[in-house]
Amino acid sequence: MQGTEAALMEKRSQAPSKPAGKRRGSTAEEMAGRQRDISVSEFFAKNRHLLGFDNPRKALLTTVKEAVDNSLDACEEAGILPEITVIIEDLQPDRPATAKSSRYRVTVVDNGPGIVRKQVENIFGRLLYGSKFHRLKMSRGQQGIGISAAGMYGLITTGKPMVIHTKPGAKQPAHHIELAMNTKTNRAEVTLDKETGDFPPQRLRGLTAGTKALAAEKGGLLDAESYRSGTCVSIELEGRYQRGRGSVDEFLELTAIANPHGRFVFVPPSRVSADDGDAPILAKAEAGAAVAATETTESQGVTVFPRGVQELPPETREIQPHPKGIELGTLLQMLKDYEATDKGTLFNFLQERFCRVSSATAGTLCEKVGATSRRKVSDVEPPMAEKLFDAFQDAKLAPPPTDCLAPIGVRQLLAGMLKGVKAEFYAASSREAEVYRGRPFQIEAAIAFGGDLPADEPSRVIRFANRVPLLFQQSACSSFKAVIETSWRNYNLQQPRGGLPVGPLVIMIHMASVWVPFTSESKEAIADYDEIRKEMRLALMECGRKLGTYLNKRQRMQRESERRDVFERYIGEISKALHEITGTDAKRVYEALVKQAKSRTAVADQVLDEDGKVVKDEPVDQDGVVIVDRGPMAGAAPAAAPVAEAPKRKRSASPAPKGRGKGAGEGPGLF
Amino acid sequence: MAKSGKAGGRKERDQRTERKIVEMAEGVARSALGGREPQVAIPTRARSNTIWNKRKGILEMGKASQDRQLFNLNQAKSFMQTMLHGSSVKDLIAADKTLSLRGMFYKGLHTVAGTKEKTFADQDESDGILEDLEVSLGALREELHIFAKKAGTMVGNITLVDSGDEIDCRRMGSGGYAIPSIVEPDVIQFKRCEAKFVLHVEKNTVWSRFNEDRFWEKHNCILTEGGGQPPRGVRRLLRRLHEELNLPIYCLLDCDPWGHYIYSVIKQGSISLAFESERLAIPEAKFLGIRAKDYKACGLSDDVQIALNDTDIKRAKEIAAYPWFEDHKGWQREIEGLLGNGFKMEVESLITKDISYVTETYVPQRLKAKDWLD
């Protein structure tokens with residue numbers, strides 16, 4: 001099924017089946033002597049690119065990414081608003097900047113639930129060990145490869161073990177553990193294990209001038225009092241720190257967008273390996289400038305991505321597989337498992353191990369394969385299983401339940417975009433859940449337009465799967481294809497044939513699913529299922545329509561304001577001429593005419609709304625649109641008074657959809 | 001004595017004009033102060049608003065008018081220009097001076113305060129506004145103290161007085177007397193006239209041919225020329241010669257739709273100046289040539305043919321459909337002849353016969369045979 005295991009099984013089975021060529025002089029016995037098990041860890045140590053460790057730059061990113069993903073998952077599962085600090089220390093500051101790679105220490109600290117002592121080795125030291133692979137539940141990680149692979153990569157490149165500090169509860173002591181993975185045995189070896197009171201490690205607060213400054217603020221940086229529990233992972237590795245596309249910086253920016261409920265602090269290394277001139281596109285507020293509490297700031301090298309919303313994403317439920325979503329092999333395996341543990345009937349098996357199978361449906365299915373409802377699972381022969389599989393395909397079944405999904409939500413999407421992208425117009429849409437291959441998924445899209453975004457470049461697509469940014473292989477991704485297939489010209493944007501729309505536009509697509517179909521283990525692109533792509537297109541069209549209406553309206557406003565300019569330009573001349581002819585007071589006539597001109601072009605002063613309707617003074621709640629006034633438009637009159645609590649913001653978004661959000665919106669300043 | 005009487009009439013006329021301008025401006029100011037949209041009614045100068053007065057045989061302006069509004073993006077600028085020119089005209093009247101159309105363009109020209117935009121982009125814009133003013137105020141151009149550049153020439157057996165100077169049109173050398181833009185009786189008076197008719201030719205080159213051959217002397221007539229479509233001064237003068245001195249007007253124009261149109265303008269008036277037809281049109285004017293039949297009649301060579309292009313054909317059909325030509329068998333035949341020939345002929349084409357063929361043979365023969373269209 002999923003690539004990892006399949007690949008492994010293939011590797012294992014290949015070795016013995018190699019034909020023995022007699023002429024070469026090796027006998028089957030000799031060869032048998034060389035044939036042995038391949039450990040999973042060993043396999044990945046040799047195929048690191050499969051996991052996203054292709055080159056030093058990507059290795060650094062993947063390490064950060066895996067640690068952050070784990071932290072976020074853990075926090076959410078424990079119901080804690082995530083507070084995540086990412087620190088990259090340059091351990092070889094003397095190495096020339098042109099060197100291919102340098103040694104770094106990546107430290108990621110979270111305020112999550114911590115890890116109980118006996119599980120530390122398993123979680124950090126074993127590949128393919130985890131809680132997420134076997135269940136159908138929406139989470140960032142899926143396979144249980146990530147963090148242990150990162151630790152293994154560090155060990156291979158530097159020989160240094162992974163350092164873990166973890167505190168599982170307020171009253172419990174923190175543990176300081178050092179782990180080195182044995183690739184041969186797929187087991188971790190503990191090289192140091194002691195209890196400590198130092199959590200989060202206070203050393204990190206004094207690393208640079210920037211961290212010291214931030215630590216001085218209350219709750220600013222790794223403040224011991226605010227960490228009742230948590231985990232801190234440090235990995236030393238050969239990497240390369242570089243800004244721009246596919247960098248740690250971009251990853252964190254995007255993560256902050258998709259996780260507006262999290263607060264992220266990033267302390268980059270003192271030195272960038274080499275500047276490739278590819279500046280990040282997402283805007284950061286200038287240091288020292290007055291910014292809203294929710295805008296990203298950078299000061300003395302330390303970037304803070306503040307929390308945008310105060311409630312956690314809704315908790316997700318684990319679901320049973322849907323009959324239409326499994327393959328024959330899986331069905332056989334499931335039967336075997338059931339036989340081993342529950343020893344029940346086929347009827348019970350169907351009802352218990354699948355979703356959307358009612359007793360009536362189970363009965364019909366049994367009938368179809370020629371079994372009574374009391375037939376034991378142990379008596380189900382492979383031909384019957386095959387029949388059952390076919391019956392699944394023909395059965396009329398409700399689609400799988402969708403409350404297992406936690407979409408980001410329109411309001412949160414907008415908050416995230418507002419935080420990360422400096423634009424003028426924001427729109428978001430969240431589709432209803434749909435199903436591909438028996439697995440529920442849900443697509444969300446958001447766009448940001450105008451403002452500081454570059455006007456003449458192809459728009460930027462930012463992609464997420466279960467809130468994790470996807471940074472590579474854009475053109476292989478289903479979402480990218482959906483963007484290209486959408487006809488942006490309908491929404492007043494330029495779009496070359498078969499290309500991205502051109503304009504000051506950032507397009508965000510998020511897929512939430514219990515199982516995101518990635519094209520490879522490194523989880524860089526979403527596979528191209530028709531159902532998925534169609535939903536993406538619909539979500540984009542929804543956003544596009546909102547943008548189109550806005551642009552139309554804006555155009556009209558601009559026209560009106562130009563109109564007013566024209567009138568006002570001539571009014572002076574006219575009142576002068578009238579004065580010369582009749583002796584009427586030129587100033588009085590001038591003022592009277594200007595007043596008329598203003599009222600006749602009042603549209604220019606109107607505040608926009610999504611449907612091209614005039615927004616009255618009372619802001620009406622609006623689905624999924626935020627418009628930010630970033631200074632007057634070209635030629636436009638100063639806009640109406642901004643909303644008081646958040647300077648610069650004019651229109652706010654709708655409340656969270658379907659009331660699934662935990663707390664009502666009490667975000668500071670934002671909503 | 002007579003002069004002072006005329007000056008008195010002029011003063012009265014000026015007062016009337018000034019009053020009209022002030023009324024218009026006051027109306028605008030009232031609207032402005034009263035919070036209403038300022039507007040000026042401008043009678044429409046378009047084909048749709050011209051009426052063919054069959055009884056009088058002239059084109060007249062209809063009653064349709066358009067409101068020129070300040071708060072209309074397409075009209076705001078012309079509204080301002082109308083006010084500017086209104087103010088300029090008032091200045092002119094106060095100073096008792098006249099300006100040319102070009103002069104008016106410069107008088108109104110400046111940069112709009114606070115912009116880089118000029119009040120008038122070119123003279124055409126200014127000329128159009130002045131015509132608007134004429135119709136909306138119901139005042140003629142000369143009443144606004146504005147004249148056009150001279151674009152017509154005259155010689156012949158006539159003496160006239162122009163602004164007090166006596167002009168003997170028999171002694172004008174090779175250049176001729178330049179017909180001014182304003183030829184109203186207070187400027188030009190006819191003094192002594194022996195001429196029996198007026199021959200009006202299309203352009204200066206042909207006119208020179210006639211003048212050099214002293215045609216006017218031999219045939220006792222007046223010879224005029226209007227540089228293509230004759231300007232108002234020339235048409236007004238022809239009309240006065242026709243009306244006051246009872247001289248028949250004969251036109252010698254090219255055999256093409258443009259020539260026919262010029263004849264139509266002289267005879268019935270033009271669309272854009274329909275409001276002036278009453279004093280410009282000469283319904284009795286005659287079209288002497290060149291006729292479509294002349295190619296054969298005069299035995300002209302192939303070389304003089306200028307092929308009709310699509311625009312010409314379209315134009316010829318339009319002219320054939322003019323109400324005053326529609327029922328006129330002679331003109332229908334003439335235009336059919338032109339289209340049948342498939343080519344145009346200029347007056348100069350007669351030169352291929354002989355340098356003086358047109359003056360010595362063509363025109364005298366036609367006049368004698370009374371072979372013309374009217």
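In chain B, 72% of the contacts between residues at least 6 apart in sequence join residues at least 24 apart; two residues are in contact if their C-beta atoms, placed from the backbone, lie within 7 Å. The structure is a predicted model, in which local features need pLDDT of at least 70, side-chain atom pairs count only at pLDDT 80 or more, and totals for chains, interfaces and linings use all residues. Residues are numbered from 1 along each chain as its sequence is written, while chains are lettered from A and ligands numbered from 1 in the order in which they are written.

## The two chains

The table sets out the chains. Helices (H or I, at least four residues) and strands (E, at least two) are DSSP runs, numbered from the N terminus. A residue is buried if 20 or more other C-beta atoms lie within 10 Å of its own, exposed if 12 or fewer, and partly exposed in between.

In chain A, 74% of the contacts between residues at least 6 apart in sequence join residues at least 24 apart.

## Where the chains meet

The contact between the chains takes 21 residues from chain A and 25 residues from chain B. On the chain B side, α1 (2-33) and α2 (76-95) each supply at least two residues. By class, this side of chain B has 16 nonpolar, five polar and four charged residues. Here Ala, Val, Leu, Ile, Met, Phe, Trp, Tyr, Cys and Pro count as nonpolar, Asp, Glu, Lys and Arg as charged, and the others, Gly among them, as polar.

## Nonpolar cores

A nonpolar core is a set of buried Ala, Val, Leu, Ile, Met, Phe, Trp, Tyr and Cys residues joined through C-beta atoms within 7 Å. The largest has 123 residues, and Y426(A) and A446(A) have the most contacts inside it. Helix α4 (residues 56-78) of chain A gives this core its largest share, nine residues. At least three residues of the core come from each of domain 1 (45-273 + 295-305) and domain 3 (406-553 + 613-671) of chain A; the domain bounds come from an automatic or database domain assignment. Not counting residues up to four places away in sequence, Y426(A) touches L414(A), M417(A), L418(A), A446(A), A448(A), V625(A) and V626(A). A second, separate core of 109 residues includes I581(A), L144(B), L253(B) and L338(B).

Y550(A) lies in helix α15 (residues 530-582) of chain A and counts as buried because it has 25 C-beta neighbours inside 10 Å. Between Y550(A) and Y491(A) there are 59 residues of separation in sequence and 9.3 Å in space, C-alpha to C-alpha.

In chain B, W207(B) belongs to helix α5 (residues 204-212). W207(B) is buried because 25 C-beta neighbours lie inside 10 Å. Leaving out residues up to four places away in sequence, W207(B) touches T153(B), V201(B), L223(B) and E225(B). The C-alpha atoms of W207(B) and E225(B) are 6.2 Å apart, although the two are 18 residues apart in sequence.

## A sheet in chain B

Three strands of chain B form an open antiparallel sheet in the order β9-β8-β11; two strands pair if DSSP finds at least two bridges between them. The edge strands, β9 (165-168) and β11 (188-193), each pair on one side only. Four bridges join β8 (residues 158-162) to β9(B), and D168(B) in β9(B) is the bridge partner of T159(B).
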